[in-house]
Amino acid sequence: MAAKLIEISALGKSFAAPGGARHQALAGIELSVGAGEFVSILGPSGCGKSTLLYMIGGFVAASEGQIRVDGERVTGPSPDRGPVFQEFALFPWKTVLQNVMYGLRVQKVPREEARQRAMDLLDLVHLAAYADFYPKQLSGGMRQRVAIARTLAYRPRILLMDEPFGALDAHTRTRLQHELLGIWERDRKTVLFVTHGVDEAVFLSDRIVLMHGGPGGIEEIVDVDLPRPRVRADLIANRRYQELVLHLEHRLESMQAGVGS
Ligand SMILES: Nc1ncnc2c1ncn2[C@@H]1O[C@H](COP(=O)(O)OP(=O)(O)O)[C@@H](O)[C@H]1O
Ligand SMILES: [Mg+2]
């Protein structure tokens, strides 16, 4: 069998804890992700979703095991793995266009080409008319679309998204979910999408990695066998969609009930 784009084996992470102890945040993670797959990581708060994503991004070093991307061991960040994290704020002193151009200029893309690529991406996220605005003049949803465009500008093969729509209102979140699926269907990037929203995970994903805490590990991997393209309003009445949502909600609930604190 051909190697998958991302191969994670025996991955673990521990942090220093008070009193010189170690806190085991993740242990024994085994996961393969194929090129072009949309995989969500779902689990209770504190189970290690962000830590796993940061390790794949190369922002946090593994304590045990390894991650390979295209056969190469991950030892640090790469423009091939583009983060869209909530806390990755835009530069407030740069315009929308300058924010999207920034990474391209750092990569020495000539100014005119960088400008054109950035404008094309702003068009894609429906923000071309806001190119000269500053981030503080935009809504939360618009800012997150700028952040997505800024990451897409690098042309990463893999998008790493950590609850990117978590802070948005339900209507804006649904819109951005549709936009993200549109981008993904066009470019077939590999997406790893962290969320604690069951319906969001089922709507977006090919597979859902359900995690448990204490220490963090994979509880179950669920195949989302729903046809595409998916329309949110149609899915709500879809029997299989309902089964998947119910199954995951039950699993999450029983995990939370099992946490004694
Ligand atoms: N930099 C850090 N230092 C110490 N502990 C950390 C650090 N980052 C995360 N942790 C711990 O690792 C565990 C998983 O955290 P995190 O990955 O943020 O979970 P999630 O994203 O699923 O909510 C938590 O117990 C958290 O306290
Ligand atoms: Mg997190």
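For the classes used here, Ala, Val, Leu, Ile, Met, Phe, Trp, Tyr, Cys and Pro count as nonpolar, Asp, Glu, Lys and Arg as charged, and the others, Gly among them, as polar. This is a predicted model, where local features need pLDDT of at least 70 and side-chain atom pairs count only at pLDDT 80 or more, while totals for chains, interfaces and linings use all residues. Residues are numbered from 1 along each chain as its sequence is written, chains are lettered from A and ligands numbered from 1 in the order in which they are written, and side-chain values use heavy atoms, with hydrogens and water left out.

**Around ligand 1**

Let's begin with the ligand. Its neighbours, meaning residues with a heavy atom within 4 Å of it, are F15, H23, A25, P44, S45, G46, C47, G48, K49, S50 and T51. By class, that shell holds 4 nonpolar, 6 polar and 1 charged residues. Both β2 (22-33) and α1 (49-57) supply at least two residues of the shell, and α1 gives the largest share, 3 residues. (Helices are DSSP runs of H or I with at least four residues, strands are runs of E with at least two, and numbering goes from the N terminus.)

| Residue | Part with the N or O atom | Distance to a ligand 1 oxygen |
|---|---|---|
| H23 | side chain | 3.0 Å |
| G48 | backbone | 3.0 Å |
| K49 | backbone | 2.9 Å |

On its own, ligand 1 has 560 Å² of accessible area, and the protein covers 59% of that. Those areas come from the Shrake-Rupley method with a 1.4 Å probe.

**Empty space**

Rolling a probe the size of a water molecule over the atoms shows where empty space is left. On a 1 Å grid over the protein atoms alone, a cavity is a set of points where a 1.4 Å probe fits but cannot get out; a pocket is an open set with protein on both sides within 12 Å along at least five of seven lines, and lining residues have an atom within 4 Å of a point. Volume here is the space filled by probe spheres set on the points.

The second largest pocket has about 240 Å³ of space. Its lining is made of 13 residues, and Q86, A89, G140, R143 and Q144 lie nearest the centre. Sorted by class, the lining has 9 nonpolar, 3 polar and 1 charged. Helix α4 (residues 140-152) gives the most to it, 4 residues. This pocket lies between domain 1 (33-62 + 73-80 + 158-261) and domain 2 (91-155), because both give residues to its lining; the domain bounds come from an automatic or database assignment.

As for cavities, the count is 1 of 30 Å³ or more. The largest cavity holds about 40 Å³, with V125, R145, I148, L176, E179, L180 and I183 lining it. That makes 5 nonpolar, no polar and 2 charged. The largest share, 4 residues, is from α5, and at least three lining residues come from each of domain 1 and domain 2.

A few spots are worth a look on screen. The G214 to P215 peptide bond is cis, with omega near -15°, and P215 sits in the loop between β9 (207-212) and β10 (217-223). Another cis bond runs from R228 to P229, with omega near -5°; P229 is in the loop between β10 and α7 (232-235). Then there's R155, which has a positive phi of about 60° although it is not a glycine. You'll find R155 in the loop between α4 and β7 (158-162).

Note on methods: Polar contact = N/O pair within 3.5 Å; in protein donor to acceptor, adjacent residues only side chain to side chain.
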